Amino acid sequence: MRDQSKEAVMNEFEKRAKKPFGIADKIGYAAGDFANDLTFVIVALFMLKFYTDIMSVPAVLVGILMMLGKFVDAFTDVAMGQIVDRSSYTAKGKFTPWIRRFMGPVAVACFLIFAPYMAGAPMGVKVAWMAVTYILWGSVCYTGVNIPYGSMASAMTEDPNQRQQLSTWRNIGATVAQIVIVAVLPLIVYQTDAQGHQVLSGGHMMAAAGVCCVLAVLVYIVCYALSTERVKIETKKEEQKNILQIFGMLFTNRAFVGIMSSALVLLLTQLTWSGMWSYVYPNYFNDKTFMSIGGFVNNIVVLLLATVISKVTSITGKKEIAVVGAAFSAVMLFVTYALQVKSPLVFMILAAVTYVGLALFNLVCWAMIIDVIDDVEIRTGSRNDGTVYSVYSFARKLGQGLATGLTGWLISLVGYSKETAFDPSVTQGIYNLGTLVPAIGFLVMALLLFFIYPLSKKKVLENNAELKKRHAMR
């Protein structure tokens with residue numbers, strides 16, 4: 001009876017899989033990262049600021065706890081990858097159903113992080129609340145939806161060009177979410193105090209988080225409804241490997257080591273850079289408006305580049321454009337540091353130009369990890385999309401955790417506290433570290449991609465041709 005039921009499910013899956021790849025898939029996949037970033041970006045951008053300014057928790061303590069939470073998150077990512085790879089197929093596929101299962105919990109958990117009504121509680125209670133809600137959101141709920149979502153791209157199509165399109169549309173979805181949060185929320189969550197300073201409002205922050213979380217659930221529904229899995233990805237039981245075997249397999253693969261190390265440095269650099277914006281604009285420039293405008297402009301840069309990135313990578317290759325992008329961002333940030341800009345408008349323009357290089361890498365990185373998954377299959381004969389993606393996510397989460405800790409450490413290093421937030425020596429230190437540290441990070445990322453990551457345009461095409469031959473022989 002069970003075999004008949006399984007056969008019926010697979011028949012329905014194969015029926016759905018006949019639907020041609022098209023605009024619905026692109027919109028659906030974009031919606032997934034739109035929903036992801038509605039919770040991810042608000043936490044990354046505002047949590048440290050919320051707990052230092054509203055909850056009066058020392059910045060270095062917030063940074064350490066968020067960093068440790070990300071380390072926990074990194075390990076649960078790998079566990080989730082194993083769960084997904086071993087999960088059974090439904091009529092919607094192997095990966096898509098997990099989005100429906102976790103879209104509600106991830107929204108609730110994110111909302112609980114921003115709790116200004118806890119500001120009067122003892123310090124131990126506030127720290128415990130922060131730790132529990134942050135780990136619940138990131139290590140359990142966000143992991144539960146994000147790992148299957150990221151793995152889903154390789155199940156939607158085998159065509160390299162279509163996979164690049166999914167990577168591009170994923171970034172479009174993320175960019176729209178960032179526009180909502182980075183460009184709109186600062187205008188809502190900041191207020192002007194009696195001294196004329198731009199300060200965060202706890203009540204407004206909680207309300208904004210609630211709206212973003214409800215919107216995230218609605219957009220996840222769009223992702224679930226429009227995304228179609230077409231490629232049957234199953235690993236036979238005799239081919240399944242335990243986590244130690246998989247780690248050994250991946251960390252001896254040069255392509256994986258290259259993309260993982262560059263991803264770790266990318267997240268460390270990008271989130272430190274953007275995290276410092278929450279202090280550079282309102283504290284150094286005393287101007288929340290350009291923080292919103294700058295966030296909007298940066299995301300418009302991504303959308304404009306998204307219209308041409310597929311054509312550019314078809315000519316140059318993904319690795320090649322990623323190296324150029326990282327090096328360009330490094331140069332621009334060194335220039336911004338050297339200029340010691342006093343105008344928020346000039347700083348915003350320089351940041352937008354810098355963002356061109358970052359955007360180039362972000363637009364191709366998700367297609368690059370699929371190239372790595374293909375390379376692993378070529379070399380080992382084993383296909384473990386969920387686990388490979390989750391170990392890649394492991395590196396990204398380590399970068400996120402280190403970025404949170406680094407940002408907290410940097411602002412503590414210059415003497416930042418609620419009382420010294422607008423002292424000239426403190427704000428000058430924020431500017432210097434907020435430009436110089438990310439500049440070094442982008443330079444390191446460019447070097448890692450150039451010297452370690454081996455999947456040039458030529459190699460990717462060779463791998464794809466070889467896999468088509470192997471799959472045709474099954």
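Helices here are DSSP runs of H or I, at least four residues long, numbered from the N terminus. The model is predicted.

On that numbering, glutamine 340 sits in the loop between α12 (318–339) and α13. Its phi is positive, about 50°, although glutamine 340 is not a glycine.

Serine 56 lies in the loop between α2 and α3 (59–86). Its phi is near 60°, a positive value in a residue other than glycine. Most residues other than glycine have a negative phi. Serine 56 is partly exposed, with a relative accessible area of 38%.

## α2 against α9

Helix α2 (residues 23–53) packs on helix α9 (residues 254–284) at an angle of about 50°, and their axes are 10 Å apart. That angle makes α2 oblique to α9. The crossing is right-handed.

On the α2 side, the contact uses Phe40, Ala44, Leu45, Leu48, Lys49 and Thr52. These meet Leu271, Ser274, Ser278, Tyr279, Pro282 and Asn283 in α9. By class, the contact of α2 with α9 has 7 nonpolar, 4 polar and 1 charged residues.

## α6 against α7

Helix α6 (residues 160–189) and helix α7 (residues 202–226) pack at about 145°, with axes 9 Å apart. This crossing, too, is right-handed.

From α6 come Ile181, Leu185, Ile188 and Val189. They meet His204, Met205, Ala208 and Cys212 in α7. The contact of α6 with α7 divides into 7 nonpolar, 1 polar and no charged residues.

## The nonpolar core

The largest nonpolar core has 152 residues. Which of them touch the most other members? Ile42, Phe46, Phe114 and Trp137 do. Helix α13 (residues 344–380) gives the largest share of this core, 19 residues. In soluble globular proteins, nonpolar side chains tend to be buried together.

Take isoleucine 42. Leaving aside neighbours within four places in sequence, isoleucine 42 is in contact with Asp37, Met47, Cys110, Phe114, Ile181, Leu185, Met205, Ala208, Ala209 and Cys212. Among these partners, Ile181 and Leu185 also take part in the contact of α6 with α7, as do Met205, Ala208 and Cys212.

## Lys15

Lysine 15 is in helix α1 (residues 2–17). Buried or exposed? Lysine 15 is exposed, because its relative accessible area is 59%, and exposed means over 50%. Lysine 15 and glycine 401 are 386 residues apart in sequence and 42 Å apart in space, C-alpha to C-alpha.

Definitions and conventions: Residues numbered from 1 in each chain as written. Predicted model: local features only at pLDDT ≥ 70, side-chain atom pairs only at ≥ 80, totals over all residues. Heavy atoms only, no water. Axes fitted to C-alpha atoms, helices over the stretch in contact; angles between N-to-C directions. Helix = DSSP H or I, 4+ residues; strand = E, 2+ residues; numbered from the N terminus. Parallel < 35°, antiparallel > 145°, perpendicular 65-115°, else oblique. Left-handed = near helix turned anticlockwise from the far one by under 90°. Contact = heavy atoms within 4.5 Å. Nonpolar A, V, L, I, M, F, W, Y, C, P; charged D, E, K, R; others polar. Core = buried A, V, L, I, M, F, W, Y, C linked by side-chain atoms within 4.5 Å. Buried < 20%, exposed > 50% of the residue type's maximum accessible area, 1.4 Å probe, protein only.
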